Amino acid sequence: MTDMALKYIFYPGCFIPAMLPHVEYSIRYVLNKLNVELQEIPDLSCCPPKITSVGDFKAWLTISARNLALASKHGLDLLTPCNGCFESYFEAKHFIEHRPDLAKDPLDILKKLGLPTKIESNVKHFVEVVYKDVGLNRLSEEIVKPLKGLRVAVHYGCHLFVTSPGGDTWEKPRMMDEILRTLGAEIVRDGLERICCGFVMSTIDDTKAVLERSEIRLRSVKSLDVDCLVTPCPQCLIRFEYSQIKLRSLKNVRYDLPVVHLAELIAIAFGLDPLKMKFDRLHRSPVKPVFEKLVKEGG
Amino acid sequence: MVPKDVPEKLGEMVVEVYSTGPKRYILTLSSYDKIREAAKILFDEGFRISTITTLDRGFYFELLYHFVKKNVIASIKILVPKGESKVPSITPIIPGANWLEREVRDLFGIEFVDHPEPRRVVLPPDWKDEPPLRKPVAPELPETYANYFMSLATKAALASLSGLAKRRRKQMGLPEVVTPVHGSKDVIDEVKKISKELKIDRKVPIGGK
């Protein structure tokens with residue numbers, strides 16, 4: 001077993017540290033097992049989300065470029081497990097590289113602040129790091145409890161499809177599929193993997209988002225007879241768990257669909273006991289039976 | 001930089017190229033006022049104008065001039081600020097663009113400068129309303145996001161940890177402070193400087209509406 005030294009600046013975003021400590025724990029656990037070193041630098045700000053550009057494009061690009069400039073100072077790429085942060089940095093880097101007319105003012109501001117204007121750092125999603133940089137062979141070496149018999153539906157999150165113009169939009173979602181298959185899970189499809197979970201719409205109309213986005217996928221996944229819905233996106237995880245609660249009060253409908261994060265499943269396959277860590281108490285969907293099944297049957 | 005199917009001379013004014021299929025290219029010009037020059041280059045090389053399509057993006061218009069030569073489609077993209085709403089006409093070079101530009105003018109209210117015949121083609125002559133496909137200019141900051149921008153301008157939009165989140169993190173042995181969820185004064189000051197430079201602080205209703 002040989003490990004190349006993989007090192008990144010860790011950018012967990014705000015949702016995971018503030019609302020999903022079990023997901024952050026799983027991510028750190030998995031990356032530690034895979035000998036991926038995470039450097040944490042204290043001077044990064046909010047990404048900020050790409051939707052900020054609707055209100056002020058320059059503000060979005062300048063602040064996002066500032067964080068990329070700080071990463072460039074350290075000579076490292078950013079690793080983020082947040083789909084929203086990933087989209088913001090990926091697109092900011094694209095504008096910096098391909099639209100000098102739009103990037104000029106933001107880079108001038110960075111120069112005034114004494115920051116590098118040569119932005120060399122890239123952003124990588126957790127899924128990409130595990131699949132591409134670490135690799136499936138290395139991932140397999142750490143599996144002690146294969147997820148045998150686990151049937152999952154997947155929800156990639158819209159921004160995992162973000163790619164360069166003309167690029168392969170399914171490249172990263174396929175990486176997630178391969179990771180799940182390597183862990184031993186069976187992926188069950190319903191064709192609605194790309195539907196929005198409703199997160200962005202919820203910032204304007206929460207009920208509409210629950211009824212016209214989240215519930216469509218929940219209903220479809222429920223009909224698949226899977227053990228759980230798995231996502232690599234913190235916003236999708238929060239949304240699908242919360243929406244199930246909201247649907248009980250809105251329509252008296254129960255879906256009782258367990259929703260888990262990809263990192264949790266990898267961590268479990270690597271030997272982490274989610275019940276000992278009380279992960280089930282941090283979820284808002286009924287994940288305990290899934291965890292019990294995996295802890296009992298795994299390996 | 002430009003694909004071999006389109007004139008190399010376009011490369012000087014194109015900032016982005018991508019392909020959406022075989023022989024199908026979208027080329028973005030560095031500035032909308034270069035459209036006539038770009039059209040001339042293509043026309044001189046045997047491309048004909050197929051159509052012009054327009055999207056209202058709120059703050060700006062996105063115009064696509066679709067040029068065709070045999071099985072190659074090269075679409076020239078320009079972004080036109082809504083405040084300007086003026087584009088050099090390509091009709092003086094390509095007469096076939098006459099009606100296409102007039103249609104865009106009627107429906108979106110974009111003026112094609114130096115168009116030889118700027119009269120209505122789609123709308124009735126007595127049309128008094130706004131151009132039917134032109135949306136209102138989006139406000140500088142959508143109201144829904146005003147709070148977020150206020151947070152960005154005043155505290156770098158750094159999220160904070162609730163007492164419960166702090167306790168849970170501690171129980172799990174997670175770091176007490178994790179970027180970008182903390183309140184480092186240096187970060188806030190630097191993002192505030194950016195906000196000031198871009199006048200974000202003047203756009204948000206800090207201290208009430």
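Which domains does the assignment give for chain A? Hi everyone, let me start there. Chain A is given domain 1, covering 6-125, and domain 2, covering 145-297. Please keep in mind that what we have on screen is a predicted model.

Let's look at how those two domains meet. Taken over C-alpha atoms, the centres of domain 1 and domain 2 of chain A are 25 Å apart. Domain 1 of chain A brings 24 residues to the contact, and domain 2 of chain A brings 22 residues. On the domain 1 side, the elements that give two or more residues are helix 1 (15-19), helix 2 (21-33) and helix 5 (83-98) of chain A. Helix 2 of chain A supplies the largest share of that side, nine residues.

Now for the contact between chains. How many residues of chain A touch chain B? There are 35 residues of chain A here, in contact with 37 residues of chain B. The chain A elements giving two or more residues to this side are helix 1, helix 2, helix 3 (52-55), helix 4 (57-74) and helix 6 (100-112). Which helix of chain A gives the most? That would be helix 4 of chain A, with five residues. The side of chain A that touches chain B holds 21 nonpolar, six polar and eight charged residues.

One thing to take back to your screens: helix 1 and helix 2 of chain A are listed on the side of domain 1 facing domain 2, and they are also listed on the side of chain A touching chain B. Thanks, everyone!

Methods: Residues numbered from 1 in each chain as written. Chains lettered and ligands numbered in written order. Predicted model: local features only at pLDDT ≥ 70, side-chain atom pairs only at ≥ 80, totals over all residues. Domains from an automatic or database assignment. Contact = placed C-beta atoms within 7 Å. Helix = DSSP H or I, 4+ residues; strand = E, 2+ residues; numbered from the N terminus. Nonpolar A, V, L, I, M, F, W, Y, C, P; charged D, E, K, R; others polar.
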